[in-house]
Amino acid sequence: MEILQNVHSYLAYVVLAILILAVFNALKGWLGKKEFTMEKDLRVSLFALILSHIQLLIGLLLYFISDNGLKAIQTLGMGGLNAAARLLALEHPLMNIIAIVLITIGWSRHKKKTEDAAKFKSIAVFYGLGLLFILSRIPWGQWFN
């Protein structure tokens, strides 16, 4: 389980980096009225989508086998969780699921668009919102200790 937690922790850095890259790339393309290319724009967005889904799957696996996830809620109850435990057992998983749903919506919407600006806008908005949700519920105290 410790290996899985380490993979989840270190992969988070990679996922954040590629999501930031995808959002900035989409903003640059949208505001700069650039052409949406398969070689760069599609691949950056797709790579961010794939890595974020892998990170979610690892996180869900940890949620069900870790003492900080579902077991904490079952043991302490919702009212018995302190702020740190509530973050790990409830807020972090819920917000990240919502974030991945937003990223997936952005990917799906961009595929239906025919104009380059609309493709970039869909990715910029939905990936950006997903990134903000993820950043809002990272257990920063664990990252910097």
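The chain has six helices and zero strands, where helices (H or I, at least four residues) and strands (E, at least two) are DSSP runs numbered from the N terminus. This is a predicted model, in which local features need pLDDT of at least 70, side-chain atom pairs count only at pLDDT 80 or more, and totals for chains, interfaces and linings use all residues. Residues are numbered from 1 along each chain as its sequence is written, and side-chain values use heavy atoms, with hydrogens and water left out.

**Overall dimensions and burial**
- Along its principal axes, the C-alpha trace spans about 55 × 30 × 25 Å.
- Of the 145 residues in the chain, 39% are buried; buried means under 20% relative accessible area, exposed over 50%, and partly exposed in between (1.4 Å probe, protein chains only).
- Lys119 is placed in helix α5 (residues 116-136) and is buried, with a relative accessible area of 15%.

**Largest pocket**
- The largest pocket has a volume of about 770 Å³, a volume being the space filled by probe spheres set on grid points joined across faces, edges and corners.
- Of its 31 lining residues, His8, Leu62, Leu88, His92 and Pro139 are the closest to the centre.
- On a 1 Å grid over the protein atoms alone, a pocket is an open set of points where a 1.4 Å probe fits, with protein on both sides within 12 Å along at least five of seven lines; lining residues have an atom within 4 Å of a point.
- Helices α1, α2 (38-65), α4 (83-112) and α6 (140-143) each supply at least two lining residues, and α1 provides the largest share, nine residues.
- The lining comprises 17 nonpolar, 14 polar and no charged residues; Ala, Val, Leu, Ile, Met, Phe, Trp, Tyr, Cys and Pro count as nonpolar, Asp, Glu, Lys and Arg as charged, and the others, Gly among them, as polar.

**Salt bridges**
- There are two salt bridges, each defined as a side-chain nitrogen of Lys or Arg within 4 Å of a carboxyl oxygen of Asp or Glu.
- Arg86 pairs with Glu91, their closest N and O atoms being 2.8 Å apart.
- Glu91 also forms a salt bridge with Arg137, with the closest N and O atoms 3.8 Å apart.
- Because Glu91 lies in helix α4 and Arg137 in the loop between α5 and α6, this second pair ties together parts that are 46 residues apart in sequence.
- Through shared partners, Arg86, Glu91 and Arg137 are joined into one network.
- Arg86 is partly exposed at 33% relative accessibility, as is Arg137 at 31%.
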